[in-house]
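The following exercises concern the architecture of a protein model and the contact between its chains. Please work through each task before reading its solution.

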Amino acid sequence: MENEQPTKVRKPRAMIHVKDLRKEYQLEGGAPVVALKRINLDIMEGELCCIFGTSGSGKSTLLNQLAGLEKPTFGDVYIRGVPITRLNENQLAAFRQKHIGFVFQSYNLLPFMTAVENVAMPLMFRGDSRRERTKKAVAMLKKVGLGNRLKHYPRQMSGGQQQRVGIARAFVAMPDVVFADEPTGNLDSKTTIEVMDMIKSFARKYRQTIVLVTHDPELAKYADRIVTLVDGRIVSDTKGENHEEIC
Amino acid sequence: MKVFDMIKMCLQNLTRRKSRTILTVLGVVIGCCAIVTMMSIGYGVQNSQQIMLEGMGDLTLIQVYPGGGNSKLDDAAIKKFQNIANVDVAIGKYQLNNIGMEIYAGDNKRYQMQWAQVVGINEDAMEKFGFELISGSFPKEKYEVLAGQFTAYNLMDTQRPEGHNMVDRWSAMNTMNPETGYYEYNPDAELPAPYLDLQGQTLTLDLYSYENPDQKKTQEIKVSGVVKEDYNKDYATSEGFIFVTTDLLAIQKLIYPSSTQMITYNEIYVKARDISQVADIEKEIKKMGYSTYSMESVRKPLEEEARKQQMMLGGLGAVSLFVAALGITNTMIMSISERTREIGVMKALGCYLGNIRAVFLMEAGFIGLIGGVIGGALSFIISVVMNVLTNEAVKGMEINSLETLWTMITTAMAPENSPMSIIPLWLYGFAIVFSIIIGLGSGFYPANKAVHISAMEAIKRE
């Protein structure tokens with residue numbers, strides 16, 4: 001898909017390149033609200049980058065732009081050199097199938113599908129055969145320690161288990177970037193540690209880039225790098241406590 | 001996404017909310033039933049009309065009159081009519097001119113007939129005209145004729161006393177209708193046997209011209225067959241004799257040796273191969289300068305009336321199917337707004353828009369399909385019940401075994417018994433296809449709605 005794009009890789013080592021990003025929302029009958037003000041950011045390949053901010057800081061808006069869920073008012077986002085802000089919906093879908101994974105706060109598993117079916121979903125969208133995707137999904141679920149929950153439905157699992165299914169789903173297609181949006185927001189502290197360790201170990205193993213969005217300073221500690229947002233502006237960009245020299 | 005995966009997903013969605021799916025399908029079932037049942041009643045009316053018209057006369061027969069000018073009913077005309085496309089046969093009717101006859105049968109002219117209708121039909125048309133033989137066969141030899149069904153009752157037995165020398169069929173045939181209290185002509189009444197069965201009899205004709213009634217000439221004829229009474233063909237089928245035209249011409253010559261070979265027919269009939277061609281053939285004949293009459297002029301307005309009725313009934317049915325379509329749309333919109341987040345997640349995980357649209361269209365189409373199939377089956381049952389309850393042909397039939405029930409149903413459904421509701425086979429197929437189309441149509445807007453749900457829905461916090 002990215003072959004169709006004329007754009008070349010701008011910065012070879014940056015997995016995500018954000019250039020002059022601005023996002024305004026037009027409120028009804030009012031002046032536009034600026035959610036993001038000229039964001040410039042490079043996230044390196046294999047980096048676990050935390051986007052930190054309180055509610056209203058613009059971190060969720062930034063996530064939406066980075067993952068191509070929403071179009072910015074100005075500026076561009078490049079992932080692997082592809083300007084995802086300029087792709088149409090179907091090009092985006094194809095791009096996400098190959099390169100992007102998601103871990104959601106509320107897990108977002110489909111309730112009428114078993115754990116295996118949920119994990120295999122991105123592969124199904126890609127058009128993989130049933131046998132092939134089930135094999136991969138089962139292997140992935142075993143890796144997250146749910147080998148004995150394969151045929152369970154989401155409602156038959158605890159929050160922690162559900163989020164592990166979510167993680168398996170995010171990584172099953174071997175994406176380059178995984179966006180994790182408050183992945184532990186609904187979990188207790190013990191499960192939070194489990195889940196974060198799992199995400200981190202996957203990312204390290206396959207040199208995947210993780211963009212972690214959170215308002216929880218505890219969670220930010222897991223990151224290599226913490227980008228702090230206030231009022232739609234990056235106010236600090238520091239190395240995390242767990243920073244390991246990569247590259 | 002593979003098609004199989006989409007079908008599976010669509011079925012999963014439908015079975016998730018079973019009661020809602022069932023209720024929506026029920027709407028389609030009712031709509032489909034209404035349309036099929038209403039149309040079937042229309043077909044029933046059409047069928048009954050056809051049967052009624054067929055009872056009134058041959059629907060494929062066109063009567064031709066001279067229309068002024070040079071339009072003569074002669075052999076040339078018959079040939080012309082014969083050459084029109086889809087004409088089965090052209091029939092000329094010929095009658096004797098200025099000739100009287102006395103008819104005798106039996107030894108020593110024991111039986112006498114003062115009067116009989118005599119008509120000549122061209123030989124090649126004899127069988128195709130559609131005379132129904134009660135006994136015997138069509139004429140093969142010279143001077144073989146057909147006798148009418150009741151011709152024998154005109155025979156007078158000279159060896160019986162006056163007043164008792166003829167068999168009275170009329171008092172047997174005019175029976176009182178117990179419902180109306182009126183006397184009615186009943187052609188199927190049981191009759192006393194005539195004194196002489198004409199089948200196979202050789203009769204003697206004493207022929208004379210009206211100018212010289214005393215100069216009689218004699219000709220023998222043989223009755224090769226007896227035909228059923230049919231006023232639409234000729235009165236001779238009731239009380240008379242049907243000759244081959246050439247024989248009748250010979251008789252004419254016998255009395256009037258100087259008469260020309262040119263014959264003018266009294267009437268010409270043109271028989272079409274099929275009812276549907278009657279109108280076209282009539283048009284052709286009129287172009288040649290003749291006037292025509294056929295049952296078409298009765299059938300056409302009746303048929304149009306029936307079609308109008310059918311449209312109206314079908315329209316009524318269509319209204320209920322339209323309501324069902326709204327039901328499908330409503331159900332789909334509801335289920336989509338319930339699944340907004342799921343659809344967002346699917347998009348975020350890389351599901352193509354076309355796949356999302358296809359899944360929802362399939363759901364709606366599937367509701368239509370199931371509704372159409374059940375609706376078709378239910379319409380069949382309704383049709384059976386309606387026919388069994390209303391058909392005169394099964395009134396008073398008793399059901400005491402499966403077999404009698406079966407005969408009752410088949411009798412009530414048989415088209416020749418004018419059932420109230422007739423469902424042609426194609427109507428089932430039409431109902432199912434139409435329901436699927438209705439389903440897809442009603443799913444179109446909701447599916448579009450689903451496609452436009454933003455992937456951001458997946459991120460939203462509730």
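**Exercise 1.** At roughly what angle do the axes of helix α1 (residues 3–16) of chain B and helix α10 (residues 353–390) of chain B cross?

*Solution.* The model is predicted, so local features need pLDDT of at least 70 and side-chain atom pairs count only at pLDDT 80 or more, while totals for chains, interfaces and linings use all residues. Residues are numbered from 1 along each chain as its sequence is written, and chains are lettered from A and ligands numbered from 1 in the order in which they are written.

Step 1. Helices (H or I, at least four residues) and strands (E, at least two) are DSSP runs, numbered from the N terminus. Axes are lines fitted to C-alpha atoms, for helices over the stretch in contact, and angles run from 0 to 180 degrees between N-to-C directions.

Step 2. The axes of α1(B) and α10(B) cross at roughly 55° and come within 9 Å. The two helices are therefore oblique to each other; angles under 35 degrees count as roughly parallel, over 145 as roughly antiparallel, 65 to 115 as roughly perpendicular and the rest as oblique.

Step 3. Residues are in contact if their C-beta atoms, placed from the backbone, lie within 7 Å. On α1(B) the contact includes B:Met6, B:Ile7 and B:Cys10, and on α10(B) it includes B:Ala358, B:Met362 and B:Phe366.

**Exercise 2.** In what order do the six strands of the open sheet in chain A lie?

*Solution.* Step 1. The order is β6-β7-β8-β3-β9-β10, with mixed pairing; two strands pair if DSSP finds at least two bridges between them.

Step 2. β6 (100–103) and β10 (233–239) of chain A each pair on one side only and form the edges. From one strand to the next, the twist averages 20°.

Step 3. β6(A) runs parallel to β7 (residues 177–181) of chain A, joined by four bridges. Here A:Ile100 stands opposite A:Val177.

Step 4. Helix α1 (residues 59–66) of chain A packs on the sheet, touching β3 (48–52), β7, β8 (209–214) and β9 (225–230) of chain A. The direction of this helix makes about 150° with that of β8(A).

**Exercise 3.** How many residues of chain B are in contact with chain A?

*Solution.* Step 1. 20 residues of chain B are in contact with 22 residues of chain A.

Step 2. On the chain B side, α1 and α9 (340–348) each supply at least two residues. The largest share, four residues, comes from α9(B).

Methods:
Two residues are in contact if their C-beta atoms, placed from the backbone, lie within 7 Å.
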